[in-house]
Amino acid sequence: MIEGKLVRLRAVEPEDAEDAFRWMNDREVSRGLMARYPFSFESEREWVKNAAKPLDFGNARFAVETKEGVHIGHCGFHGASAENRRAELGIMIGEKEYWGRGFGTDTMLTLLRFAFEQMNLHKVTLGVFEFNERGLAMYTKLGFVEEGRFREDLFQDGRYWDLVRMSILRREYEAVHGEAVATAAPATT
């Protein structure tokens, strides 16, 4: 498991499908995920099955749970490029009672630490819709920089919304959160 202060990231397990099904069919949860139509239990079971395959550079998807073992979401990387040392980050805290309490921020910090210290990524990217003000504030606080916008990229709730593209480079992460352990000088005896 990958430990944070409030959360731990673990491998996705088959029993996670029930939570994923509930979260993806909760409009308040799925609104920021480009999810428009209802999800079947079978589709979520298939997503979990694919996510539960052995983890590697191209399949780094995790379940998020509290230190007490409560499954509260999923996160991970997709579109990873070994040559460019880049990957796209995705996060969903599905248990709404954990919103606004630091669990999303800790999940992001834990995932970024893993990205830079273990996966040796140079850059982590993400997309967030302009209506997700809490997400935009969190990503900015963590050191992400807006790279651009896909103007009026999503039609939802009767209007078009911009998709904000953001990224953080390893050196930006280290400037805000401290140098990665992997690059620290080895101890001498």
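1. The model is predicted, so local features are taken only where pLDDT is at least 70 and side-chain atom pairs only at pLDDT 80 or more, while totals for chains, interfaces and linings use all residues. Residues are numbered from 1 along each chain as its sequence is written, and side-chain values use heavy atoms, with hydrogens and water left out.

2. The largest nonpolar core has 35 residues, and Phe77, Leu89, Met108, Val124, Tyr139 and Phe144 touch the most other members. Here a nonpolar core is a set of buried Ala, Val, Leu, Ile, Met, Phe, Trp, Tyr and Cys residues joined through side-chain atoms within 4.5 Å, and buried means under 20% relative accessible area, exposed over 50% and partly exposed in between, with a 1.4 Å probe and protein chains only. Among the elements that give two or more residues to this core are strand S4 (71-81), helix H4 (103-117) and helix H5 (133-142), and H4 provides the largest share, 7 residues. Helices (H or I, at least four residues) and strands (E, at least two) are DSSP runs, numbered from the N terminus.

3. Which residues does Phe77 contact, leaving aside its neighbours within four places in sequence? They are Ala60, Arg61, Ala87, Glu88, Leu89, Leu111, Ala115, Met119, Leu121 and Val124, where contact means heavy atoms within 4.5 Å. A second, separate core of 6 residues includes Val12, Ala17, Val48 and Ala51.

4. In H5, the buried residues are Gly135, Leu136, Met138, Tyr139 and Leu142. Seen down the axis of H5, these buried residues fall within an arc of 165° (taken from the directions from the helix axis to the C-beta atoms), so they line one face of the helix. Glu133, Arg134 and Lys141, on the other side of H5, are exposed. The buried residues of H5 pack against S5, H4, S6, S8 and helix H6 (170-177).

5. A pocket, found on a 1 Å grid over the protein atoms alone where a 1.4 Å probe fits, is an open set of points with protein on both sides within 12 Å along at least five of seven lines, and its lining residues have an atom within 4 Å of a point. Of the 48 residues that line the largest pocket, the closest to its centre are Gly32, Leu33, Ile91, Met92 and Tyr139. H5 gives the largest share of this lining, 7 residues.

6. The lining of the second largest pocket includes Glu3, Asp106, Arg113 and His177, and H4 gives the most to this lining, with 4 residues.
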